[in-house]
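Dear colleague,

I am handing over the structure that we talked about, and I would ask you to open it beside this message. My notes on what was found in it follow below.

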Amino acid sequence: MVKEIELGILREFVNFCEENNLRYFLAGGTLIGAVRHQGFVPWDDDMDFVMFRNDYDRLCDIGKKEFK
C-alpha cells in the first residue's frame with residue numbers, strides 16, 4: 001500500500017518537473033532501489049531527490065502559485 005502511494009507521488013513529481021522543465025535526479029536509497037531492485041528498496045519508506053539550486057528555487061516559486 002505505501003509503495004503504491006509513493007509511486008503515485010513519484011509520477012506526479014516527475015510530471016510536474018517535466019511540464020516545468022525542472023531537472024531532478026534520484027539519490028540515496030531511491031537511486032539504489034531503481035538500479036538494484038528495479039523499483040524501491042523493500043525496507044526504504046521515503047524517496048530521495050536532488051536538484052540544482054536554480055531548479056529548486058523555480059520549483060518553490062511555481063509551487064507557491066500552483067499549490068496553495
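Let me begin on the surface, with glutamate 18, which is exposed because its relative accessible area is 53%, above the cut-off of 50%. Please keep in mind, here and throughout, that this is a predicted model. Glutamate 18 is found in helix H1, and on the surface it belongs to a patch of negative charge in which Glu12, Glu18, Glu19 and Glu66 gather. Helix H1, which covers residues 2–19, gives the most to this patch, with three residues. Glutamate 66 is found in helix H3, residues 53–66, and it is likewise exposed, with a relative accessible area of 53%. As for distances, glutamate 66 and isoleucine 32 lie 34 residues apart in sequence and 31 Å apart in space, taken from C-alpha to C-alpha.

Read along the sequence, the chain follows the pattern α-β-α-β-α, with three helices and two strands. Of its 68 residues, 24% are buried, and the C-alpha trace spans about 35 × 25 × 15 Å along its principal axes. Among the contacts between residues at least 6 apart in sequence, 58% join residues that are at least 24 apart.

Now to the salt bridges, of which the count comes to four. In helix H1, where glutamate 6 and lysine 3 lie three residues apart, about one turn of the helix, the two side chains meet in a salt bridge of 3.8 Å, N to O. Is glutamate 6 buried or exposed? Glutamate 6 counts as buried because its relative accessibility is 7%, which is under 20%, whereas lysine 3 is partly exposed at 28%.

Aspartate 57 and arginine 53, four residues apart, meet in a salt bridge of 3.1 Å, N to O; aspartate 57 counts as partly exposed at 33% relative accessibility, and arginine 53 as exposed at 59%. Aspartate 55 and arginine 58, three residues apart in this helix, meet in a salt bridge of 3.6 Å, N to O. Aspartate 55 counts as buried at 3% relative accessibility, while arginine 58 is partly exposed at 35%. Both of these residues are also linked with Arg23 in a network of salt bridges.

With best wishes

Methods: Residues numbered from 1 in each chain as written. Predicted model: local features only at pLDDT ≥ 70, side-chain atom pairs only at ≥ 80, totals over all residues. Heavy atoms only, no water. Buried < 20%, exposed > 50% of the residue type's maximum accessible area, 1.4 Å probe, protein only. Contact = heavy atoms within 4.5 Å. Patch = residues over 30% accessible without salt bridge, like charges linked within 9 Å, V, L, I, M, F, W, Y side chains within 5 Å. Areas by Shrake-Rupley, 256 points an atom, 1.4 Å probe, with all protein chains shown as cover. Lys, Arg positive; Asp, Glu negative; His and termini not counted. Charge placed at Lys NZ, Arg CZ, Asp CG, Glu CD.
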